[in-house]
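Here's a quick briefing to read with the model open beside you.

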Amino acid sequence: MTEFQIRKDNFAQHRLVDVGSDQNLTPGEIRVKIDRFGYSANNITYAVMGDRLAYWQFFPPHGSDAEGWGILPVWGFADVVDSNIADVPVGDRLFGYFPPADHLTMEPVHVTERSFSDGASHRAELPSGYNLYRRVNAEPGYSRDGDNERMLLFPLHVTSFCLWDVLQDNEWYGAERVVILSASSKTSIGLAYALEDDENAPPVVGVTSSRNLGFVEGLGSYDDVCSYDDLTSLDPSIPTAIVDMSGNAEVLGALHKHLGDNMRKCVNVGLTHWDGARSDENIIAERSEFFFAPGHIAKRIKEWGPAGFDHKSGAFLIQAATKSRAWMKLQRLDGLDGLAHVHADMCAGNIAPDQGVIVEL
Ligand SMILES: NC(=O)c1ccc[n+]([C@@H]2O[C@H](COP(=O)([O-])OP(=O)(O)OC[C@H]3O[C@@H](n4cnc5c(N)ncnc54)[C@H](OP(=O)(O)O)[C@@H]3O)[C@@H](O)[C@H]2O)c1
């Protein structure tokens, strides 16, 4: 069995490790063969937040010299190839959180016709949304044709949906404009889609790097677009809510300073510029708030029920994936070797925003 591992203290550094053959299953376990997964800046953020949000804990690396190495979770599909549980038979197909590896041994609990959770003890304290697996063969109308878009976009666009939900639920924080930083990212584009479909939403400005300006303008989903170098062109007299996918403290500091009292709220979502500055004296901390999608999903599931949440978010996910077809080009990588070739470029931000990277095992 092979695993893709990265250094926790230098995550552009990676290695493929042959961790030996699979052990026999014990009662209550299944083994899945990972079929495919998506890869984007979101996965690199898992590494950046690996210690703070326990992302390293999902899939501990195997091997005798694993100290200092970690495994990045990825969203993808897998097939059950061995099973000790009658309710989850060989041939079942799963959508969820997997390691970039050939196989995973799991302990299904709370098994229903459509889903189960991995009850492995090392995952017990981790957010429940990440432990949930969808049994897709039981979904009406399921077709493998939609797998690539689903694994690449749904985990990002469900965040976009939640961000729209938070903004509208807080009456846009009194803002008359929403500024989205790292506007070329898929999560940002999903949010722009949600806001453009809401007639009550304020106008939306996308901020991106100069090299991605043409791409973001071409989407036609932002009311206005500007580059990081041109932030002062934004009218500071307009009350503004910022949604930040960049985590670039220098950019945030400059924007907060430029807007002053009109910086009504800053929702900190992502860290695409993970190697950028981490703090800046101009950041208005008291009106900034960290956003964690699994937390918001859990809150809404409590209020709306799981079916209610799926119903409300599901239509948006399909619509946003359909819109993304207009620009997203799937880049298919062959196996974990293919991932090894692209990983450093993903870390460095050298992947063009119109690329949808998928790894096929
Ligand atoms: N808090 C949450 O719950 C949550 C949930 C989902 C996603 N997120 C976060 O949202 C962010 C976006 O994820 P995504 O998968 O949608 O991104 P993506 O589509 O892969 O975004 C690519 C874009 O990110 C920027 N970028 C990526 N790497 C960079 C680098 N090393 N240096 C500078 N810019 C870089 C560039 O945009 P620009 O030129 O436009 O800056 C690039 O076009 C991630 O940080 C992700 O973790 C957070």
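Six strands make up an open sheet in the order 13-12-11-14-15-16, and the pairing is parallel. Strands pair here if DSSP finds at least two bridges between them. Helices (H or I, at least four residues) and strands (E, at least two) are DSSP runs, numbered from the N terminus. Keep in mind that this is a predicted model: local features need pLDDT of at least 70, side-chain atom pairs count only at pLDDT 80 or more, and totals for chains, interfaces and linings use all residues. Residue numbers start from 1 along each chain as its sequence is written.

**The parallel sheet**

- The edges are strand 13 (224–227) and strand 16 (288–290), each of which pairs on one side only.
- From one strand to the next, the twist averages 20 degrees. Axes are lines fitted to C-alpha atoms, for helices over the stretch in contact, and angles run from 0 to 180 degrees between N-to-C directions.
- Strand 11 (residues 177–181) and strand 12 (residues 204–208) run parallel and are joined by 4 bridges. In that pair, Ile-180 sits opposite Gly-206 of strand 12.
- Helix 6 (residues 249–259) lies across strand 11, strand 14 (240–244) and strand 15 (263–268), and it runs at about 165 degrees to strand 15.

- Another open sheet has 3 strands in the order 2-1-4, with antiparallel pairing.
- Its edge strands are strand 2 (10–18) and strand 4 (69–70), each pairing on one side only.
- Strand 1 (residues 2–7) pairs with strand 2 in the antiparallel sense over 6 bridges, and Thr-2 stands opposite Asp-18 in strand 2.
- Helix 9 (residues 335–348) packs on this sheet, touching strand 1 and strand 2, and its direction makes about 170 degrees with that of strand 2. Contact means that the C-beta atoms of two residues, placed from the backbone, lie within 7 Å.

**A hairpin and its neighbour**

- Strand 8 (residues 108–109) and strand 9 (residues 115–118) pair in the antiparallel sense over 2 bridges, with Val-109 opposite Ser-117 in strand 9.
- These two strands form a hairpin with 5 residues between them, and His-110 in the turn has a positive phi of about 50 degrees.
- Strand 9 also runs antiparallel to strand 10 (residues 132–135), joined by 3 bridges. Here Phe-116 faces Tyr-133 in strand 10.

**The whole protein**

- In total there are 9 helices and 18 strands.
- The radius of gyration is 21 Å, close to the 21 Å that the globule rule gives for 361 residues, so the protein is as compact as a globular protein of that length. That radius is taken over C-alpha atoms, and the rule is 2.2 Å times the number of residues to the power 0.38.
- Along the principal axes, the C-alpha atoms fill a box of roughly 65 × 40 × 35 Å.
- Of the 361 residues, 44% count as buried. A residue is buried if 20 or more other C-beta atoms lie within 10 Å of its own, exposed if 12 or fewer, and partly exposed in between, with C-beta atoms placed from the backbone.
- Among contacts with a separation of 6 or more, 71% come from residues 24 or more positions apart.

**Two domains**

- The domain assignment gives domain 1 (2–142 + 328–360) and domain 2 (156–294). Such bounds come from an automatic or database domain assignment.
- The domain centres, taken over C-alpha atoms, are 30 Å apart.
- Each domain puts 11 residues into the contact.
- On the domain 1 side, helix 1 (41–48) and helix 2 (128–131) are the elements giving two or more residues, and helix 1 has the largest share, 5 residues.

**Residues to click on**

- Glu-29 is in the loop between strand 2 and strand 3 (30–39). With 18 C-beta neighbours inside 10 Å, Glu-29 counts as partly exposed.
- Leaving out residues up to four places away in sequence, Glu-29 touches Asn-84, Thr-105, Met-106 and Glu-107.
- Ala-54 lies in the loop between helix 1 and strand 4, and it has a positive phi of about 65 degrees although it is not a glycine.
- Tyr-173, in the loop between helix 3 (147–169) and strand 11, also isn't a glycine but has a positive phi of about 55 degrees.
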